[in-house]
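Hello,

Here is the structure I said I would pass on. My notes follow below it.

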Amino acid sequence: MADYDKTFARFEALATSIKDALETAMRMVGSGIAPMSEDIDNLYSDMQELRIAYDEARSFAISDASPDGIMEDGLPIQVYRDAAVTIERERLFERIAPIIEMLRKFCSVTSDTEAFEEALKPFKKTASESLQALRSSLDDANCRTTAPGRGRHGRIP
C-alpha cells in the first residue's frame with residue numbers, strides 16, 4: 001500500500017468518525033441535551049487530525065510532476081488522491097520506459113548467421129512476451145487511473 005493510500009484511508013476513517021459524532025451531537029442538542037465535554041474534546045481532536053491528514057493528502061498532489069507544481073487548498077480529497085495516483089503512475093512510467101525500449105530493441109536484433117538467429121529465438125520470444133505483458137499491464141493501469149484526455153504519456157511504446 002502506497003503512503004498516500006494510508007493517508008487517504010486515515011482521512012476517510014476520521015471523516016466517518018466525525019460525521020457520526022456530529023450526527024450524535026445534533027440528536028442530543030435536538031433533544032435538549034448538551035454534548036459531554038469529553039465528546040467535544042474528542043471531536044475537536046479528530047477534526048485537527050482530519051486537517052493534518054487532508055494537508056498530507058494535498059502534499060502528495062503537490063510535486064514537480066504536477067502540471068503547475070501546485071494545487072489549491074480546499075479541493076475535495078478525491079482530487080488530491082487522483083493527482084497523487086497520476087503522479088505515481090507517471091513516475092513509474094519514467095522508470096519503466098528504458099526497460100520497454102531495451103526489450104523492443106532486443107526483439108529487433110537479427111543475425112545473418114542462421115545458427116545465431118536460431119539461438120536468439122527463445123530469448124527474443126521471451127523478451128517479446130515480457131514486452132507485451134508489460135505494455136498490457138501499463139495500459140490497464142493507465143485505463144484505471146486516467147480520465148479521458150488526461151495523462152502525459154499517451155500510448156506506451
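**Helix α1 and its neighbours**

Helices α1 and α3 run roughly antiparallel to each other, because the angle between them is about 170° and anything over 145 counts as such. Their axes lie 11 Å apart. Please bear in mind that this is a predicted model.

On the α1 side, the contact with α3 is made by Tyr 4, Asp 5, Phe 8, Phe 11 and Glu 12. The α3 side supplies Ile 77, Tyr 80, Arg 81, Ala 84, Val 85 and Glu 88. By class, this contact has seven nonpolar and four charged residues, and no polar ones. Helix α3 covers residues 77–107, and α1 covers residues 3–30.

The other contact of α1 is with α2, residues 37–61. These two helices pack at an angle of about 150°, with 9 Å between their axes, which makes α1 roughly antiparallel to α2 as well. The crossing of α1 past α2 is left-handed. From α1, the residues in this contact include Asp 3, Tyr 4, Thr 7, Phe 8, Arg 10 and Phe 11. Further along α1, Leu 14, Ala 15, Ser 17, Ile 18, Ala 21 and Leu 22 also take part. Among their partners in α2 are Leu 43, Met 47, Leu 50, Ala 53, Tyr 54 and Phe 60. The residues of the contact of α1 with α2 divide into 16 nonpolar, two polar and five charged.

Thr 7, in helix α1, is one of the residues that meet α2. Thr 7 has a relative accessible area of 6% and is therefore buried, the limit being 20%. Apart from neighbours within four places in sequence, Thr 7 is in contact with Ala 53, Glu 56, Ala 57 and Phe 60.

**Aromatic pairs**

How many aromatic pairs does the structure hold? There are three. One of them joins Tyr 4 and Phe 8, edge-to-face, at 6.3 Å centre to centre and with 75° between the planes. These two residues are four apart in α1, so about one helical turn separates them.

Phe 11 and Tyr 54 form a tilted pair, 6.2 Å centre to centre with 45° between the planes. Because Phe 11 lies in α1 and Tyr 54 in α2, this pair ties together parts that are 43 residues apart in sequence. Phe 11 counts as buried at 12% relative accessibility, and Tyr 54 does so at 9%. Ring pairs also bring in Tyr 80, linking Phe 11, Tyr 54 and Tyr 80 into a cluster. Tyr 80 is one of the α3 residues in the contact with α1, and Phe 11 is listed on the α1 side of that contact.

**The chain as a whole**

The secondary structure comes to four helices and zero strands, in the order α-α-α-α along the sequence. The chain has 157 residues, of which 27% count as buried. Taking contacts between residues at least 6 apart in sequence, 59% join residues at least 24 apart.

Regards

Technical notes:
Residues are numbered from 1 along each chain as its sequence is written. This is a predicted model: local features need pLDDT of at least 70, side-chain atom pairs count only at pLDDT 80 or more; totals for chains, interfaces and linings use all residues. Side-chain values use heavy atoms; hydrogens and water are left out. Rings of Phe, Tyr and Trp (its six-membered ring) pair if their centres lie within 6.5 Å; planes under 30 degrees apart count as stacked, over 60 as edge-to-face and the rest as tilted. Buried means under 20% relative accessible area, exposed over 50%, partly exposed in between (1.4 Å probe, protein chains only). Axes are lines fitted to C-alpha atoms, for helices over the stretch in contact, and angles run from 0 to 180 degrees between N-to-C directions. Angles under 35 degrees count as roughly parallel, over 145 as roughly antiparallel, 65 to 115 as roughly perpendicular and the rest as oblique. A crossing is left-handed if the near helix is turned anticlockwise from the far one by less than a right angle, and right-handed if clockwise. Contact means heavy atoms within 4.5 Å. Ala, Val, Leu, Ile, Met, Phe, Trp, Tyr, Cys and Pro count as nonpolar, Asp, Glu, Lys and Arg as charged, and the others, Gly among them, as polar.
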